[in-house]
Amino acid sequence: MKHGWAWALGLLAAMAAALALRLPQLDRRPMHGDEAVHTIKFDELRRTGSYHYDPYEYHGPTLYYLTLPSAWLHGGSALSDTAEGTFRIVPVLLGAGLLPLLWLLRDALGRAATLVAGVLTAVSPALVFYSRYYIQETVLLFFTLLTLAGGWRYVRSRQPGWAVLTGVGLGAMQATKETCIIVYAAFAGASLVTYLWERRAARGTADMAPSRRYGWWKGWVAVVSAAVLTSAILFSAFGTHPRGIVDAWLAYGTYLDRAGGGIHTHPWYYYLKLLLFTQYVPGPWWSEALIVGLAAVGTAAALAGRGGGGGDIRWLRFLAVYTLLLTGLYSAIPYKTPWCMLGFLHGMVLLAGVGAVALWRAGRRRFGRWALTLALAAGGAHLARQAYAAGYTYCADPRNPYVYAQPGFDVVRLGRRVEELARQHPDGRRMFVRVIASDCWPLPWYFRRLERVGYWESVPADADAPVIVCAAELADKLQPALRDSYISSFYGLRPDAALLLYVERGLWEKYLQHGPSGTAPTGKREGGMPKPKAPA
Amino acid sequence: MANRRLCVIGVVTMLFGLGLLLNVGLAQQSEEPVKAGAASPAPAGDLVPIDLKLPKPAFKGTPKHVPPGSRLEKPRSAPREPFLAPQGTVNVAKDKPVTSSDNDPIIGSMKLVTDGDKEASEGGYVELGPRLQYVQIDLGKPHKVCAVVVWHYHASARVYHDVVVQVSDDADFITNVRTVFNNDHDNSSGLGLGEDMEYWETYEGKLIDAKGVPARYVRLYSNGSTSDDQNHYTEVEVYGQPVE
């Protein structure tokens, strides 16, 4: 009992650490293009009350429905009233919500392994980084773990409620992102391997085909019914768009083509390399090798039948095979983005808990166990430090391996500057802004408070406007199309893309005269910075 | 008749000589390197190239195309010409104490700014936090500053914002502050409007002609870059001579 309390407190502390690493400064990182697209998709749902699933682009509706409470709580009646935190709080809560779900797996993993897995879930740099990212990946991971936990509890208890929960998890996975099909394949493969393994182990004993003893088909009916129903409800936008149910299945054709890779093609070892060691010299180095290494030990222990520590060896075997299959499948698909690794990374995190306990039990002397405990604590602290660096200090830095096609801080400056200019313009927020760029994301997010923003993919014949934002590669064509006199400034969009801000000369002079806030600038600042410190 | 012939020969010879002189003069002018400023008291004949050693290029592909109308310097297609300064001009910032507006750099220490290592390698730069930050070099005593060369971070193509270089005799930069470079064209730094151009970081660093201005302290500001919001300083060299 005493240990039970300590264990529960440990899991609560891990939960607190998870929130502490995920929750602060949700506006720290500039909006990614994908995140900006999702905010616009959410706005469509908010405005129309319905979500029309597109089988060719975007993803399922769960992320947007889950954002509704946050938007209501923020009192936002329009996109212009929202902030980064309105959206990013959703993956933050689901990312931290993985820990309470671990409680449901305590007798599958073993209590000690669950606690270690909880701590690693809290501090894994990739899990922290993408828990602050308004995309579907953390939502998919949450529903994946919900499915695993529900399935395990059903196997343990045979209570239909757990079967229904498992089905809800499966359906919600599908309604989150199309890549759930890869997870389903890993589920199926791991279930089959575990079943065959059990049959082989139980050959000639009374335990042969244990599942038949419980009327297994009832459970399957409950799971499948709940999954289909959940998916149908969500894809049909609660009955307002029945076509979504059909499109949900048609989408797999599209995504099968996309798996070819295109600009996101990476070699098979991309994810493993990223997890083991990454350094863009000169710059900091990154590694989640502790998790991968412990997961390898955990996998070996599970497959050898030595999970121990109070866990269920069948479930651990299932987990090991599932994680191996999922890692293999994602690695084999040419299309790779770093956030896609969350699914198998979390499998590794669970196995790392098993691996840590297996190592601890293998240490026969007290000194060895203490040394291992200290080493794990130091490794965990290092992961937490990396998580902070990834999520805050280097949140948009190309040297951060989790950063992918990320706009830099210039895009925030640009958004702020255009708003400041609008304050000086007689039309205010109705000042006309012309954006000329084939890839303009995430600018619509930063211009959401302006009422008249037009987007062009090529230079129009008459391009004049008080403010023009133009892709650097189109500037040659823009220049002849301008009649007024403009002042231009250079902004980076991403490391490989730049934007030019053209401001009509009169407006620019007014801006310089009145300053960013609309009041006269205080003049030249001298000696206003903090006093220098003594040299190091 | 003979006189007339002599006269023609004389005129032709004079014209030839004049042409030759003009030709040589023009040729000299076209090859003339950048000279240290007009404020330098040294006679033009004493000017020599400063001993500026460049690090290895760390990346290829500095964007060559500069959008028309932008306040961005066109990258050179050839190496920078030698900078001429009075004889005896050396890097007087080497190993001199450096202070900063960021008391807790993200990476590295202030010593790296003047340690002589300007390679884009691991452990070779100090990384200051976001927003407007500065590093300040104390030259120990007043110097005639001919040039300041700064390498922010030249491992990838990027443009640093609000690059402002000031010199002063006052460590707090309150009095007698002179700005030798300023590319903050919208006064977002609050240091005044600048007319200088923004530029791509390269292994050559940015050479700023300080025109022999006398000062003891050199302060360099920056406000993030097109890549991230941190402020990096790999090396700063200050070429000058002690004020006698």
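This briefing describes a sheet, a helix crossing and one glycine in a predicted model. Local features need pLDDT of at least 70 and side-chain atom pairs count only at pLDDT 80 or more, while totals for chains, interfaces and linings use all residues. Residues are numbered from 1 along each chain as its sequence is written, chains are lettered from A and ligands numbered from 1 in the order in which they are written, and side-chain values use heavy atoms, with hydrogens and water left out.

**The sheet and its helices**

- Five strands of chain A form an open sheet with mixed pairing, in the order S4-S3-S5-S7-S6, where strands (E, at least two residues) and helices (H or I, at least four) are DSSP runs numbered from the N terminus, and two strands pair if DSSP finds at least two bridges between them.
- Strand S4 (452-456) and strand S6 (486-494) of chain A are the edge strands, each pairing on one side only, and the twist averages 20 degrees from one strand to the next.
- Strand S3 (residues 432-436) of chain A pairs with S4(A) in the parallel sense over five bridges, and Val433(A) has Val453(A) in S4(A) as its bridge partner.
- Helix H19 (residues 410-424) of chain A packs on the sheet, touching S3, strand S5 (467-471), S6 and strand S7 (497-504) of chain A, contact meaning heavy atoms within 4.5 Å.
- The direction of H19(A) makes about 145 degrees with that of S6(A); axes are lines fitted to C-alpha atoms, for helices over the stretch in contact, and angles run from 0 to 180 degrees between N-to-C directions.
- Helix H22 (residues 505-514) of chain A lies across S5, S6 and S7 of chain A, and runs at about 90 degrees to S7(A).

**The crossing of H15 and H17**

- The axes of helix H15 (residues 289-303) and helix H17 (residues 342-362), both of chain A, come within 6 Å and cross at roughly 70 degrees.
- That makes H15(A) roughly perpendicular to H17(A), a term for angles of 65 to 115 degrees.
- Residues making the contact include Ile291(A), Leu294(A) and Gly298(A) of H15(A), and Leu345(A), Met348(A) and Gly355(A) of H17(A).

**Gly169 in helix H10**

- Gly169(A) lies in helix H10 (residues 160-174) of chain A and counts as buried because its relative accessibility is 0%, buried meaning under 20% relative accessible area (1.4 Å probe, protein chains only).
- Not counting residues up to four places away in sequence, Gly169(A) touches Phe143(A), Leu146(A) and Thr147(A).
- The C-alpha atoms of Gly169(A) and Ala227(A) are separated by 7.1 Å, although these residues are 58 residues apart along the chain.

Definitions and conventions: Buried < 20%, exposed > 50% of the residue type's maximum accessible area, 1.4 Å probe, protein only. Parallel < 35°, antiparallel > 145°, perpendicular 65-115°, else oblique.
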